[in-house]
Amino acid sequence: MAIKNTKNLFIMLLSNLRQGTERSTKMYQELTQLAQYPEVKQALEARVYISEKTLSTLDQCFKLMSEEPIKTSGRLQEVFAEDFHKELAEIQSPEAKSLYVLVKASHLAQMRIGEYTALIAAADVTGHYGVGVLLESCLADKIAFVERTRRLVRHSMENETTERRAA
């Protein structure tokens with residue numbers, strides 16, 4: 001797709017976000033399978049559910065604009081997944097693996113937050129205010145996930161410290 005105006009750019013960026021969300025959903029599903037602690041597994045399962053809901057919301061954005069998503073490269077996410085697998089394979093401690101999974105899930109969400117922030121501004125510039133509202137609801141979900149993950153990481157680290165002191 002040739003980018004001839006801001007609307008074309010907006011569609012390309014929104015398409016990239018949608019494809020990234022699909023990949024993220026798959027990555028969260030994979031992370032769920034790797035999680036060894038019930039609280040981590042449960043948080044990631046909730047993230048999968050929210051990601052699936054986000055895909056539906058992004059589809060509604062395209063519908064409001066009477067547009068279809070286009071195919072984009074998405075190489076950044078592929079590199080992220082490759083590095084994740086390589087680094088995870090090197091971690092031997094179950095506790096460290098669990099923490100690593102949480103940190104990577106947070107990194108993934110942080111990347112999306114930046115995309116949503118830019119797309120909300122683009123929705124306003126292109127006059128797609130309803131799309132902006134939908135994107136803001138997705139952004140709120142991402143921010144909540146990052147905050148929840150931060151608390152889970154902190155809790156995990158506190159437990160680790162408590163166990164070491166007890167030993």
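Contact here means heavy atoms within 4.5 Å. The structure is a predicted model, in which local features need pLDDT of at least 70 and side-chain atom pairs count only at pLDDT 80 or more, while totals for chains, interfaces and linings use all residues. Residues are numbered from 1 along each chain as its sequence is written, and side-chain values use heavy atoms, with hydrogens and water left out.

The chain holds 5 helices and 0 strands; helices (H or I, at least four residues) and strands (E, at least two) are DSSP runs, numbered from the N terminus. Buried residues, those under 20% relative accessible area with a 1.4 Å probe and protein chains only, make up 38% of the 167 residues.

Thr32 belongs to helix H1 (residues 6-34). Because its relative accessibility is 5%, Thr32 counts as buried. A polar atom of the Thr32 side chain lies 2.8 Å from the backbone oxygen of Tyr28. Beyond its neighbours within four places in sequence, Thr32 is in contact with Lys41, Leu44, Glu45 and Val48.

The packing of H1 with helix H2 (residues 38-64) is summarised below.

| Property of the H1 and H2 pair | Value |
|---|---|
| Angle between axes (lines fitted to C-alpha atoms over the stretch in contact; 0 to 180 degrees between N-to-C directions) | about 160° |
| Distance between axes | 9 Å |

H1 and H2 are therefore roughly antiparallel to each other, a term for angles over 145 degrees. The residues of their contact divide into 11 nonpolar, 8 polar and 7 charged; Ala, Val, Leu, Ile, Met, Phe, Trp, Tyr, Cys and Pro count as nonpolar, Asp, Glu, Lys and Arg as charged, and the others, Gly among them, as polar.

Definitions and conventions
Buried < 20%, exposed > 50% of the residue type's maximum accessible area, 1.4 Å probe, protein only. Polar contact = N/O pair within 3.5 Å; in protein donor to acceptor, adjacent residues only side chain to side chain. Parallel < 35°, antiparallel > 145°, perpendicular 65-115°, else oblique.
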